[in-house]
Every structure is written in structure tokens, then in C-alpha cells.
Amino acid sequence: EGCVLVVSVIEQLAQWHNSTVKAAVERLCNYIPEKLQGFCYILAELYGPHIAELIDREMNADVVCHSLRLCKQDPGQPLCHLYPPPKVGLSTAIWKAKRILKTSKDLKSTTRFSNLCAFPLLANLCEKIKYVIRNKLPFEDFDGDKFSTFPTLRGYHWRGRDCDDRNTIVYPGRRPDNWDVKSDSNCNGIWGVDPKDGIPYEEKFCKGADSRGVVLLGDSAGAHFHIPPEWMTVTQMSAKSFANLPMAFTDELDWPQFSEITGFLNSTIGGWTDSLYLRLRRRNRCNHRDLQNISQNGGSSRNLLNLMKSLARNQLLDNPAIVIYATIGNDVCNGNHDTLAHMTTPKEMLSNVMQALRYLDSRLPNGSHVILTGLVDGRFLWDNLHDRYHPLGQLNRDITYSQLYSFLNCLKVSPCNGWLTPNKTLRNLTSERALQLSDVLKEIARSEKFANFDVFYMDFPLRQTAEEWRKMGGEPWQLIEPVDGFHPSQIAAALGTSITWQKALHEWPQVLGKENPFNDQIEAIFKDQGGH
């Protein structure tokens, strides 16, 4: 998949700038941030001449990648392709391309680099990324309290920023130590004593204020997966387009700092940032930095229990938390061709979620709340995208989302075979199972009781989000990530926050806590210490 995308971009860069393929490869490498340019130039030296030769002979990206042995075909499996096959047929075109390259003495040396992490320039970065994917904990955390002063690699983009990374009892979300007379033990920026009356500021402003944090247990939608469309839209491409590439990779192509539940920075990927955390902070400034986004790409009820072990909450020392449990698709989404057989059953869902809730009951402080979010109705994806052009197909109007979905399906890497398919019956069956699993969550919220938290249920607000966006003059397809054609976009995330907040405000006001009457005073006194 990666090869076809990169070769397509190179071919389109040459077309758009009316240049040679070699010049297009150099242009692409010059766009890459300096710390990754060495890697790009090594790849260009290894593969560039072969790519140029084949593109010059009018062979498309599918043919190029198969002939370079970067696309694998298992015995008995079809040849996967993104573009329409050449007139001579895909197999014949690949055979001709391999004959052209057969005389190349350099081709053999490229095969041992099929694993990108084998490149010396990427080995160290790969090890760091593997660590955080495996442990879901900050890579840089000197005191081991699960909070960090470093943004990426599961750092403060994912959890509130630590204000003393060499003191294990100083971290966001804890109750203040001795009212933070001498230092800021909970990193909310409020500490010291008011010289007018000798009362600690933390006691004066936050005592009895219903302080609480927000924790998301979720999937790639909750982590806010996003591939910038300008990475593959040559008409918009420049060095500025790739400035965020290192940050994106070290955040697993997720952007939790802009997400619906824990976003706290102004969006740089379109739309705007509005999150449950920001609204809780505005409601009570004492909640500053008390956020945890414990989500992962591929998260589902089946693997969330293991993910939850990275939760940082002490029942005795910390404030209560609002926990959002939101695995909105992966219990019905998989890349298997017999997708229905690999979906979570209602019985499995009940068991998985109950195990998770019992674990939370042993970790969360008393007075916490858990909101179970239902699964999305993913028929929205095909209905609104299948006949539109993908960013990669906009220059030549040659790749639709339907083609992309079929390509990913063939490669067995589709994020959701059940919904990203022209088979209407299968799409309906997938939504039917999603509804059954949502009903399980609804029944848990209705009937189960726990010692340290109460449980609520809400439907995933896709329909209300689409209605709201239409009122604002928008189109439904703009609520979907343009590159992957699957995840909620930044606009959808921001609108979803507003809908969730209004529901909680009217139906479960106790979840949100009281509005702090001292917010303006806190901001005035601690304005310089309110950053994230």
C-alpha cells in the first residue's frame, strides 16, 4: 500500500511540475523534514532509477511496485491493484516490467530493506515507537508516574503534562498535597498562599469544587487518526506540508491533542478544537491538565482490558474521573474476507466490557462516572464517499474511494470489510451487529452497579452531527477523514463534543460537576501558569 501511494505521488509530481521523474523524486525528498531527508535519499538511490525507468515507459504504480517486489502475492490470491489494469493485463505488464529490470545489477540489494526499520537512520526511532505501542506509556517519563514533559511518544499529547518529572508524587489529577502551599503537586498551575489572608490558593479556589479529570478508553477514532491530505495532493504539496511528519509518526499517526474527548491545542489539521476536557476546564479551572487519552489504533472490547493497565489513577490520592468507553467500530470491523465470522458477538461483548468495568472499579476513586458509547452506523461511509475522488485521484480523476476500498480489501488491510464494500447486504449485516453490541452496552448501563462509579450510555452521535453540519452549510462527506475514508474528521470531532456536552448537561449534570465561581480569579492570578 505504501509503495503504491509513494510511487503515485512521484508520478503526479512529475506531471504537475512538468519535470522528469528523477527531479520529482528529488523534489519529494526536499519536502521531507531535514532529520528524515537522509532516509529519503537512500530510498531514492536504491529505487529511484527503477521507478523512473518504469514510469517513463508509462507503467502505473501497481505495476512498478509488483515488479520491485514490494507488493507480495500469496499463492492463489489475486494481484491487488489500485488503478485500472493496463490493456495488456496486470500480469503481463508486471512480467514485462520485471524483464526490463532484470538487467539491473542494483535490484538485488534493495530486497533486504523491505522492512523500513532495517534502515540505520530509522532503527532508533522504530525502537521508541515499538516501545510505546507495546506499553502505551510515555517513552520519556523519568519518575515513572505515567506522565511526561515530552509531547509525543505517548507524552503530554496523550496525558496532562507533568510539571515535575523527577518527583513521582507530582502529576496531573491528584488531590493537592497540603493545599499546594509550597509547590504545585497536581500541575494545575494553582499553588502558593494569598498574602491578603494567608489562605492557600488551592484551598480557596478548589476546595469543594468537584474537581475531576477525563479519561478516554478508545480506538483510532478516539486517538484521532489522521493522515494529512496534503501529503498526497501534489497541487498543494510543499515543504510546509510535511513539517509535521516526525511528530505524526511519533504519535502513531494520531492527533489526540485535537481530539473530541481530550483535545487541548488549537487544531492545525483543519476545523477547530472543541473537547470534553476543554469544556470541563472552562467549567472548573481547577481541572487544568487532568486528561488521559488511553486509546490505540485497532482498539476494541477484546484488547481494551490490556490497554487500560496504562491508566494512571490512584484511588486514595487522586480526584474522581469521567471515563468515556468508546470502541465505536473495531468490534465489527476487521480486514478478513469472512468478516462476519470475526466480529465480536453480543455474549463476548458483555464479558469483555464487564471485565473492563470491574477493573475500573478497582482503580477509579469513589465518585467517578463511566459513559459507555454505542457503536457507529458505518453505512454512512459508503453512502457518502464511494463515488467521490480520493485525494490521490483528484489530479487525474482516476481513483475513487470505491477503488481504494477494493484495493485495501484485496491486500487484507481494510479497516472494515463489512462497511467499506459495494455489498449492500454485508453493510446492513455489519450495522445490525453493531446495533446488537450497542444494545449490550445500553443494558449494562441500565442494570449494573459498581462501588466507585455510576454508568451511563449514549449512542454515538453521528446522525445528530450530520444534521448539525448540514445546518451550518456543510456536506456529509466532510465529516470523514479524506485520506483513509474511514475515521471521523476534525469537524466531526468538534461537533460531536458539543452534542455530547449538551446531552450530559441536560440528562446527567452530576457527571460534569459544579461550575467554579472563582474561574476568573484563577485566570487573573495564574494566567502565566495555565498553559498545557
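These are some notes on the predicted model above, point by point.

1. Ground rules. Numbering runs from 1 along each chain as its sequence is written, and side-chain values use heavy atoms, with hydrogens and water left out.

2. Helix 13. The buried residues here are Met 349, Asn 352, Val 353, Met 354, Ala 356, Leu 357, Tyr 359, Leu 360 and Asp 361 (buried is under 20% relative accessible area, exposed over 50%, partly exposed in between, with a 1.4 Å probe and protein chains only). They pack against strand 1 (213–218), strand 3 (321–326), strand 4 (368–373) and strand 5 (453–458), and also against helix 12 (304–307) and helix 16 (424–447) (contact is heavy atoms within 4.5 Å).

3. Helix 15. In helix 15 (residues 401–411), Tyr 401, Leu 404, Tyr 405, Phe 407, Leu 408 and Cys 410 are buried. Their cover includes helix 1 (2–16), helix 4 (61–67) and helix 14 (379–385). Just after helix 15 comes Lys 412, with a positive phi of about 65°.

4. Other positive phi values. Asp 180 is not a glycine, yet its phi is positive, near 50°. Asp 180 sits in the loop between helix 7 and helix 8 (201–206), and at 1% relative accessibility it counts as buried. Arg 289, also not a glycine, has a positive phi of about 70°. You will find Arg 289 in the loop between helix 11 (276–283) and strand 2 (291–295); with a relative accessible area of 12%, Arg 289 is buried.

5. Salt bridges. The count comes to 17 (a side-chain nitrogen of Lys or Arg within 4 Å of a carboxyl oxygen of Asp or Glu). Side chains of opposite charge can pair when their charged atoms come close. There is also a network of salt bridges, which links Asp 194, Asp 197 and Lys 204.

6. Pairs within a helix. Glu 127 and Lys 130 form a salt bridge, with the closest N and O atoms 3.7 Å apart. The two are 3 residues apart in helix 7 (residues 120–135), so about one helical turn separates them. Glu 127 is partly exposed at 48% relative accessibility, and Lys 130 is partly exposed at 40%. In helix 17 (residues 462–471), Arg 463 and Glu 467 lie 4 residues apart, about one turn, and their side chains meet in a salt bridge at 3.2 Å, N to O. Arg 463 counts as exposed at 55% relative accessibility, whereas Glu 467 is partly exposed at 37%. Helix 18 (residues 490–507) holds Lys 503 and Glu 507, 4 residues apart and so about one turn of the helix. Lys 503 and Glu 507 make a salt bridge with closest N and O atoms 2.9 Å apart; Lys 503 is partly exposed at 23% relative accessibility and Glu 507 is partly exposed at 48%.

7. The second largest pocket. Its volume is about 470 Å³. The lining has 23 residues, with Pro 229, Trp 477, Ile 480, Glu 481 and Pro 482 nearest the centre. By class, that lining has 11 nonpolar, 9 polar and 3 charged residues (Ala, Val, Leu, Ile, Met, Phe, Trp, Tyr, Cys and Pro count as nonpolar, Asp, Glu, Lys and Arg as charged, and the others, Gly among them, as polar). On the method: on a 1 Å grid over the protein atoms alone, a pocket is an open set of points where a 1.4 Å probe fits, with protein on both sides within 12 Å along at least five of seven lines, and lining residues have an atom within 4 Å of a point. Grid points are joined across faces, edges and corners, and the volume is the space filled by probe spheres set on the points.

8. Asn 266. This residue is in the loop between helix 10 (245–250) and helix 11, and at 70% relative accessibility it counts as exposed. Leaving out residues up to four places away in sequence, Asn 266 touches Phe 258 and Thr 273.

Definitions and conventions. Predicted model: local features only at pLDDT ≥ 70, side-chain atom pairs only at ≥ 80, totals over all residues.
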